[in-house]
Amino acid sequence: MCLEQTYPEHTFNTVKSFDESTDCGIYSDETGVEFNVSNIIYNNTYHFGCDDAYLKSLLESQDYINKVAEITKKYNLTFMNDDSLVRINTNNSDNISDISLAIYEIFNCVNVPEVNWPEEQGFSTGVINYYTIPDWGVLLCRCETGQNAANEVFTFSEVNLTKKEIEQRLETCYERIQN
């Protein structure tokens with residue numbers, strides 16, 4: 001099951017089998033946490049990938065969004081979230097040190113399982129690529145300078161990044177804006 005490849009520390013059970021007409025199935029982990037799986041990609045033989053709400057369910061249980069709101073407010077950043085990702089906006093701040101500290105704090109404000117983010121998504125000829133995309137598994141940082149902007153994407157598979165590694169990624173993002 002691709003869920004077990006994405007979250008190797010956990011085992012999953014089917015609560016309600018995937019129903020193509022509703023584009024949804026309900027699954028649970030070994031502790032009984034239930035979550036939805038949707039957008040299954042398959043070719044009538046193999047299950048290639050899907051979106052899952054497991055990480056989102058775990059984050060919601062830890063009041064993640066309110067914690068992110070507090071952290072972004074503390075660093076004068078803004079954030080938005082939808083069903084699949086959380087976005088922070090630098091508000092034309094070029095204080096990379098503060099932005100990287102905010103991202104570091106966001107990643108460390110909750111406990112998350114090990115998450116293996118897929119390196120490649122989609123079909124490859126002759127290769128079966130099993131993966132899931134965790135809802136809220138992406139933290140998108142929109143770096144802005146004046147009218148120019150670029151996005152840097154962080155995933156929950158990168159929660160062990162150091163503040164310095166985050167700073168380096170943000171510096172590269174701001175360099176893209178300058179060019």
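Select Glu158: at 23% relative accessibility, this residue counts as partly exposed, a class that lies between buried (under 20% relative accessible area) and exposed (over 50%), with a 1.4 Å probe and protein chains only. The model is predicted, so local features need pLDDT of at least 70 and side-chain atom pairs count only at pLDDT 80 or more, while totals for chains, interfaces and linings use all residues. Residues are numbered from 1 along each chain as its sequence is written, and side-chain values use heavy atoms, leaving out hydrogens and water.

The side chains of Glu158 and Arg169 meet in a salt bridge at 2.8 Å, N to O; the term requires a side-chain nitrogen of Lys or Arg within 4 Å of a carboxyl oxygen of Asp or Glu. Now display Glu152, which also forms a salt bridge with Arg169 (2.8 Å, N to O). Arg169 lies in helix α5 (residues 163-178) and Glu152 in strand β9 (residues 148-155), so this pair ties together parts 17 residues apart in sequence. Helices (H or I, at least four residues) and strands (E, at least two) are DSSP runs, numbered from the N terminus.

Move to Lys74 and Glu105, whose salt bridge has its closest N and O atoms 3.1 Å apart. Lys74 is exposed at 55% relative accessibility.

Finally, select Tyr64 and Trp136, a tilted aromatic pair with 6.2 Å centre to centre and 40° between the planes. Rings of Phe, Tyr and Trp (its six-membered ring) pair if their centres lie within 6.5 Å; planes under 30 degrees apart count as stacked, over 60 as edge-to-face and the rest as tilted. Tyr64 is buried at 1% relative accessibility, and Trp136 is buried at 5%.
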